Amino acid sequence: MNSSYSRISSHSFAFLAAAICALTASALPAQQLPPLTIHWDKVTLVSKTTPTLQVVVNPPLRPGQQLGTASYKAVKELGADYVRYVPWLPYPRLAVAELEPPTPQKTSWDFSLIDPMTKDFLAATDGHSTILNFSTIPQWLFKTDKPATYPTDPNAVVWNYEQGTELRDPTGKELGDYYARLVSWYANGGFTDENGARRNSGYHYKVPYWEVLNEIDFEHSMTPEQYTERYDAIVSAIHAVSPDTKFVALALAAPSDEPQMFEYFLDPSHHKPGIPIDMISYHFYASPRAGENADTWQYTFFDQEAGFLHTVRYVEAIRKRLSPATRTDLDELGVILPGDNSPDDKMPPPKIYWNVAGALYADLFIELTRLEIDVVGESQLIGYPTQFPSVSMMDWTNNQPNARFQVLKLIKDNFSAGDKLVETSAESHDISAQAFVTSAGRKLLIVNKRNRVVDISLPDAATAHVVTVDEQSGDSPARNLPVANGAIKVQPFAVTVVSW
């Protein structure tokens, strides 16, 4: 993620409409919606979609930290696949294993701060697929006017570590060698360094997926040609030491601005022979304006989502045309509030915010499942004041998963790849609804996108079991919701699952 997400603008007309509607929204009684229509015998498609999350390395994840311990407990209990692990740029000592260039006399390889965090992550995700992304390239690999500096304190934040656009070794071999040694440290028990010395780790972890760099449109401002060359160099080097690893590419921050990146990278003719293009990734964060609240978020978030879904459709058209076997992972989905990381960034958002943001993820899950996206990743496990607090899935004030995490758990516990989507009609722009035939039976996912209660009539209500994540459930798991007179009363921004 990057503060440049402020470039994603609100839809001005929707914002004005939201402001007008908000004057009376809070005073409206519960709205009675038309009955849901579900045709259980009309399968529209079979789901390919896996819900998951990303874990971004922050100091609270260091061993012994209460928030980190609670967070990894939640991740282990969640049991998701394709969990993304990203040591990234603000903390060079926690993300870069060779901070100084090698000399004939010595090398600077040091995993003493990186290993404990990585081992905790791999323990919490044991038995499930993971996507590792050590996204921060050692700065000395780039041409710069002077060497980049970094804090002595591993917990100190530095935002200007990444500099330069041209590698000092234009062949990319030096870059590929760094990542091959990094992977060998975890997969092959160690590696031989630049001076021929053997460095042993004793680790023999599986590395099922490796994501090659992050937000390349921002980090080092890579062109399509530069990224493709660097991707090929890194993939070739890693494949030599870990032949079974598959790769995720691009991780674009602003995909709607980069059609040329997809067009160039997904064309196999631009890659060296034998280079796989297993999966691509890109990101979306809703970005409201300062001063907005729940009455306007209810329009801003979902209007911006609609714009992102247009981007997904055009990217999918490019992917299917150029590289149809390549899969898609949308591995950073969330909201960044305008006050994040500012000097006034000291207090948590209001509680209802976590429900609005959770509802956005749930709605994205429905829409992206319909678009046959393979992986839908919520961002991110830990945020806190000064470190994108509005993106957190943990409440740093009480060390508990918040409503965003509970929404992911509700979805993951009920829906998975292989479920059958059936024809579903909600006849309302205020809610989203999709029915599934799962291995556990018939289920319905409902998202209330509005800041008001809605009454929804259910088919076969007498046999329905309903659970919901809403403002009343708070940081707790989904609560039971009673069915009365054939209907349920769905709270503002609730994410609800009905089972029969």
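Trainee: Which strands does α9 lie across, and at what angle does it run to β11?

Mentor: Helix α9 lies across β3, β10 (279-286), β11 and β12, and its direction is at about 160° to β11. Angles run from 0 to 180 degrees between N-to-C directions, with axes fitted as lines to C-alpha atoms, for helices over the stretch in contact. Now the ground rules. We're looking at a predicted model, where local features need pLDDT of at least 70, side-chain atom pairs count only at pLDDT 80 or more, and totals for chains, interfaces and linings use all residues. Residues are numbered from 1 along each chain as its sequence is written, and side-chain values use heavy atoms, leaving out hydrogens and water.

Trainee: What makes a stretch a helix or a strand here?

Mentor: Both are DSSP runs numbered from the N terminus: helices are H or I with at least four residues, strands are E with at least two.

Trainee: Why is α9 called roughly parallel to helix α10?

Mentor: The two pack at an angle of about 30°, with their axes 8 Å apart. Angles under 35 degrees count as roughly parallel (over 145 is roughly antiparallel, 65 to 115 roughly perpendicular, the rest oblique), so α9 is roughly parallel to α10.

Trainee: Which residues of α9 and α10 meet?

Mentor: On the α9 side, W354, N355, A357, G358, Y361, A362 and F365; on the α10 side, A403, R404, V407, L408 and I411. Contact means heavy atoms within 4.5 Å.

Trainee: How do you know that β19 and β20 pair?

Mentor: Two strands pair if DSSP finds at least two bridges between them. β19 (residues 465-469) and β20 have two bridges, in the antiparallel sense, so they pass the test. T468 stands opposite R479 in β20.

Trainee: In what order do the eight strands of the barrel come?

Mentor: They close up as β3-β4-β5-β8-β9-β10-β11-β12, with parallel pairing. From one strand to the next, the twist averages 25°. β3 (residues 50-56) and β12 run parallel and are joined by four bridges, with L53 opposite E378 in β12.

Trainee: What makes the phi of L250 stand out?

Mentor: Phi is near 85° there, a positive value in a residue other than glycine. N341 has a positive phi too, about 70°. Most residues other than glycine have a negative phi.

Trainee: What makes a group of residues a nonpolar core?

Mentor: The members are buried Ala, Val, Leu, Ile, Met, Phe, Trp, Tyr and Cys residues joined through side-chain atoms within 4.5 Å. The largest one has 124 residues, and those with the most contacts inside it are Y179, W210, Y227, L250 and L381. Its largest share, 13 residues, comes from α9 (residues 351-370). A second, separate core of 21 residues includes I431, A433, L481 and V498.

Note on methods:
Buried means under 20% relative accessible area, exposed over 50%, partly exposed in between (1.4 Å probe, protein chains only).
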